[in-house]
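Let's take a walk through a protein model together. Have the sequence and the 3D view ready, and we'll go from the big picture down to single residues.

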Amino acid sequence: MVVSYDLFVDIVRSAFLGRNQLVNDKEYTLEPTMFRKYDLLRKSPEFQSKTGMNRLFSELPTDFTTTAKSELYRKSGGWIDRGYSERKVKQFQINQDIYLVPILSKPAVGIDTSGNSGDRFVCFAFYDNYKAAYHYLENFLKLPKTRGQRAEFKWNKLNPECRKVVDQEIESILGMSAEFIFMIKTNSLDNPVEKAIDIFIKLIEGCFSNYEHKSAERLKMRNKLFKLANEVQIHCDADFDPLGPDKIVKQFVKILSFDNEHTPLHAEKDSHESEPIQVTDILCGALKDRIIHRQHEGLMPWEFHNKLKSDGIQKDAKCYFWDKKELAG
């Protein structure tokens, strides 16, 4: 069974990364492929032009497929649970299909913003597998990067066709890489009427403070995000001038901690050096467009308790979140 499990992990990784896979001394050349959970049990999986993958799945050893039939259907304790607990394999669902991807990176948080007509959209992305999304953008969707030595993925540099491709694939990008996404739309950051640090604190407090009838629910979400952010590398783009990314990270974790002991970890990298920032940049832009066009499927609205100061023009905010689907087995 150990051998079968190891082969299962190897196939998921080799298929997604587009590497050669060796089975019983026979080598199969695989192109980058994201396959469905139960394709492993089919002799003729539905892959277009993936001849290496078709051959591999058709020629898998009988003892492997027999074991896989029970392991992949197990509700708990099977290959999927073990793969996630060992941080090797992740599953996610799109409509009725469940997909498998390798876990390629440690948990991380990305913070980035995207503007639109006086509003700023702030995205907090809590990743369990950001490298999978980066690989998907680069090798599956083949998105172009900016030119020069500081080449990186930037939403505002993508043409309309590339943006359309990202929008069509957004559920897959989120499913393979993230545990939780939180978006804040606000007009308080541009032309501010109070200190930047006070605005940022009020934006976060307004989302998670223990106010009114949703107090238990708000505390529950706050505690959840604190666990996902505390002692985890947080990558923050330099979008909050005059506040530096380090101050944003410290304040963010402090507010989520609810005065409990906490350890903010700021990953001191510029955006072109940081894969989490670049993935968050793309997600922030794509989700912003969905919110603007009222097509935010999967994004749930969240109540904001407004204590922002105004100067004739009302300063306020709206919140949205995406949470991964919990799948058993």
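Here is a tour of the overall fold, then the charges, and then a few residues up close.

Before we start, keep in mind that this is a predicted model: local features need pLDDT of at least 70, side-chain atom pairs count only at pLDDT 80 or more, and totals for chains, interfaces and linings use all residues. Residues are numbered from 1 along each chain as its sequence is written, and side-chain values use heavy atoms, with hydrogens and water left out.

So what is the protein chain built from? Its secondary structure comes to 11 helices and 11 strands; these are DSSP runs numbered from the N terminus, with helices being H or I of at least four residues and strands being E of at least two. The radius of gyration is 21 Å, close to the 20 Å that the globule rule gives for 329 residues, so the chain is as compact as a globular protein of that length. (That radius is taken over C-alpha atoms, and the rule is 2.2 Å times the number of residues to the power 0.38.) If you'd like to picture the outline, the C-alpha trace spans about 70 × 45 × 35 Å along its principal axes.

How much of the chain is tucked away? Buried residues make up 51% of the 329 residues. Here, buried means under 20% relative accessible area, exposed means over 50%, and partly exposed is in between (1.4 Å probe, protein chains only). Contacts, meaning heavy atoms within 4.5 Å, tell you about the folding pattern: among those with a separation of 6 or more, 67% are between residues 24 or more positions apart.

Now for the charges. The chain has 49 positive and 48 negative charges, and their mean positions are 1 Å apart. Lys and Arg count as positive and Asp and Glu as negative, while His and the chain ends are not counted; the place of a charge is NZ of Lys, CZ of Arg, CG of Asp or CD of Glu.

Some of these charges pair up. The structure holds 17 salt bridges, each one a side-chain nitrogen of Lys or Arg within 4 Å of a carboxyl oxygen of Asp or Glu. Take Asp-39 and Arg-36: their side chains meet at 3.2 Å, N to O, and both residues are buried. Next, look at Glu-86 and Lys-88, which meet at 3.4 Å. Glu-86 is partly exposed at 32% relative accessible area, and Lys-88 is partly exposed too, at 33%.

Which residue does Arg-222 pair with? Arg-222 forms a salt bridge with Glu-205, the closest N and O atoms being 3.8 Å apart. Arg-222 lies in helix α9 (residues 215–229) and Glu-205 in helix α8 (residues 196–208), so the pair ties together parts that are 17 residues apart in sequence. Arg-222 is buried at 2% relative accessibility, whereas Glu-205 is partly exposed at 25%. Salt bridges can also share partners, and that is how Arg-82, Glu-86 and Lys-88 join into one network.

Stay in helix α9 and find Arg-218, which is buried at 1% relative accessibility. Its C-alpha atom is separated by 9.3 Å from that of Glu-303, 85 residues apart along the chain.

Our last stop is Ser-271, in the loop between β9 (265–266) and α11 (275–292). Ser-271 is buried, at 11% relative accessible area. Leaving aside neighbours within four places in sequence, Ser-271 is in contact with Glu-152, Asp-237, Ile-277 and Gln-278.
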